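This report describes the structure displayed below. Please keep the sequence and the model in view while reading.

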Amino acid sequence: MNELVAFISNNLQLLYILILAIFIGVELIKNVPSVLHTPLMSGANALSGVVIVGALLVMLQAKPDDFLSLGLGFVAVVLGILNVVGGFVVTDRMLQMFKKKK
Amino acid sequence: MNITLSIIYLITTITFVIGLKMLGHPETAKKGNLISGVGMGLAIVATIFLHDFEVPFINYILIGAALLVGTVIGYLIAMKVAMTKMPELVSLFNGFGGGSALLIGLVEFGNYSEDATQTSTIIAAIIIGSITFTGSLIAWAKLNGSMKDIRLPHYNLINNLIILALIAFGAYIVMYDSTNLMLIYLLLAASLGYGVLFVIPIGGADMPVVISLLNSLTGIAAAITGILYGNMVMMVGGILVGSAGLILTFIMCNAMNRSLSNVIFGAFGGGDLAIAAVGKTGGTIKKTTASDSAILLNYASKVVIVPGYGLAVAQAQHVIHELEELLTKKGVDVSYAIHPVAGRMPGHMNVLLAESNVNYDKLIEMDNINPQFPNTDVVLVVGANDVVNPAAHNDPSSPIYGMPILDVENAKHIIVNKRSMNAGYAGIENELFFNQKTSMLFGDAKSALTELVSELKNM
């Protein structure tokens with residue numbers, strides 16, 4: 001219990017940010033018309049590629065002789081950027097179709 | 001941390017929020033996507049160049065190579081793949097994000113495991129990252145048809161036990177501050193396995209929910225790795241995706257009148273319930289031909305088309321648009337009725353029809369179209385089944401009882417195009433097909449509609 005209290009008081013700012021971010025996410029999405037559900041999901045999917053920042057941090061901090069970290073970091077960067085680029089491009093293509101109104 | 005870097009992360013976070021907001025409106029969606037994309041690019045470049053570490057040159061080379069490889073492959077896949085393959089593609093990219101998170105966790109376990117908070121974030125990143133990675137890949141395989149639903153005996157029980165074991169196992173590693181890498185590999189293998197077992201039993205009709213849920217989980221994985229690094233943009237970005245994905249998941253669940261746990265743990269389409277419901281209706285069906293259907297459509301004044309997954313499978317979106325234009329030219333009022341869970345991902349039908357240039361003003365959502373059915377002369381159901389099944393209204397024993405549906409049975413005539421009399425994905429008999437007003441136009445959606453179009457042209 002004491003540990004929990006300590007954790008909360010040490011990370012109070014973090015908790016505020018998390019909770020507020022959850023509310024923003026919910027509010028942003030709540031009233032979106034179903035026409036946009038797919039692009040929205042795909043766009044959000046591209047945003048989850050932000051994990052690439054962590055992959056880059058792994059690569060930046062890896063020692064040059066630490067082949068395991070470098071190797072795994074390399075794959076993590078490739079996967080992360082795939083998620084980012086693929087996600088944004090696909091969303092853009094989808095939205096392009098919606099624009100072509102006659 | 002470098003102040004410039006922090007400010008850039010702040011800007012990126014703002015672009016994420018604005019971008020997501022703009023994605024919610026048809027006019028601004030494209031720009032919104034671009035704005036978050038630019039923000040993301042900014043964060044990536046800033047992370048590489050504005051850090052305080054001593055970085056050997058070789059690492060930069062490797063980072064550059066990884067970025068180049070991933071960008072080229074990602075761009076090519078995203079540009080080349082047909083629009084009808086969209087659900088599986090989104091799923092695939094989502095899996096990559098999860099994979100990235102799990103690898104980060106794996107590397108950092110060796111470097112960071114000093115205190116319990118860090119170890120638990122790393123463990124959580126590995127578990128959630130792995131589940132989304134294999135889960136999304138299985139979803140991808142199922143959506144592109146290379147994998148069927150598999151239900152192991154007692155899979156619910158097995159899955160629940162595995163997830164409990166995973167949590168207990170993770171807690172054990174944290175509590176005993178174990179730095180044993182073997183344990184982590186074991187945890188990794190179990191999480192990857194759970195991702196597979198979690199998605200394989202889920203039926204086709206529930207795919208929109210699962211994809212949306214996996215999407216949300218990737219966001220949570222990103223947020224957790226963000227906590228590990230104390231990195232605000234990862235944290236906030238990840239949480240935004242997580243909560244947005246979760247809301248979308250609940251919207252999908254509501255559209256089916258089912259709870260999330262029912263989708264994940266419920267044996268839809270495979271349980272005894274569904275079997276009991278089959279064969280209860282019976283009765284006779286009325287077959288029709290393309291020419292008879294064409295006559296019916298030609299002399300109607302209001303036609304509503306109800307597209308379903310069968311339309312996507314048959315790739316008939318262009319033909320149906322041709323049919324719609326042809327009828328409009330003949331003075332028929334044509335619109336499309338879109339059920340929120342028609343297809344295999346949220347908004348699947350909208351994307352499919354947009355690809356063939358259908359004006360999105362013609363796509364009417366369920367709540368708006370339902371009151372119009374009594375004034376509708378002909379409803380043309382193409383490859384949809386469960387979303388028009390009246391059992392949802394009047395058969396309390398049906399597994400889909402209570403699910404909001406398109407009330408097509410209120411229309412004057414109903415033409416149902418289906419490949420055969422097989423039950424829908426939910427495995428339930430549809431009494432609509434036995435309705436006196438219903439005529440069945442059997443055949444693949446594309447060939448049946450093509451025939452319909454040519455008949456109409458001759459009139």
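## Basis of the report

The model is predicted; local features require pLDDT of at least 70, side-chain atom pairs count only at pLDDT 80 or more, and totals for chains, interfaces and linings use all residues. Residues are numbered from 1 along each chain as its sequence is written, while chains are lettered from A and ligands numbered from 1 in the order in which they are written.

## Domains

Chain A is divided into domain 1 (1-31) and domain 2 (34-102), the bounds coming from an automatic or database domain assignment. Taken over C-alpha atoms, the centres of these two domains of chain A are separated by 25 Å.

Chain B is divided into domain 1 (1-80), domain 2 (85-268) and domain 3 (282-457). The centres of domain 1 and domain 3 of chain B, again over C-alpha atoms, are 42 Å apart.

## Interface between the chains

In the interface, 92 residues of chain B are in contact with 74 residues of chain A; contact requires C-beta atoms, placed from the backbone, to lie within 7 Å. The elements of chain B that give two or more residues to this side include helix H1 (3-23), helix H4 (86-112), helix H9 (232-255) and strand S3 (363-365). Helices and strands are DSSP runs (helices H or I, at least four residues; strands E, at least two), numbered from the N terminus.

The side of chain B that touches chain A comprises 57 nonpolar, 31 polar and four charged residues. In this classification Ala, Val, Leu, Ile, Met, Phe, Trp, Tyr, Cys and Pro are nonpolar, Asp, Glu, Lys and Arg are charged, and the others, Gly among them, are polar.

## Two helix pairs in chain B

H1(B) and H9(B) pack at an angle of about 15°, with their axes 8 Å apart. The two helices are therefore roughly parallel (angles under 35 degrees count as roughly parallel, over 145 as roughly antiparallel, 65 to 115 as roughly perpendicular and the rest as oblique). Axes are lines fitted to C-alpha atoms, for helices over the stretch in contact, and angles run from 0 to 180 degrees between N-to-C directions. Among the residues that meet are Tyr9(B), Phe16(B) and Leu20(B) in H1(B) and Met232(B), Val236(B) and Leu240(B) in H9(B). By class, this contact has nine nonpolar, three polar and no charged residues.

Helix H5 (residues 116-143) and helix H6 (residues 155-175) of chain B pack at about 150°, their axes being 9 Å apart. H5(B) is therefore roughly antiparallel to H6(B). The contact involves Ala116(B), Thr119(B), Ser120(B), Ile123(B) and Ile127(B) of H5(B), together with Leu166(B), Gly170(B), Ile173(B) and Val174(B) of H6(B). Six nonpolar, three polar and no charged residues take part.

## Selected residues

Ala46(A) is placed in helix H3 (residues 37-47) of chain A. Ala46(A) counts as buried because it has 30 C-beta neighbours inside 10 Å; the class is buried at 20 or more other C-beta atoms within 10 Å, exposed at 12 or fewer, and partly exposed in between, with C-beta atoms placed from the backbone. Apart from neighbours within four places in sequence, Ala46(A) is in contact with Val84(A), Gly87(A), Phe88(A) and Thr91(A).

Gln315(B) is in the loop between helix H13 (309-313) and helix H14 (317-329), whereas Asn357(B) lies in the loop between H15 and S3. Gln315(B) counts as partly exposed with 16 C-beta neighbours inside 10 Å, and Asn357(B) counts as partly exposed with 14.

Key:
Two residues are in contact if their C-beta atoms, placed from the backbone, lie within 7 Å.
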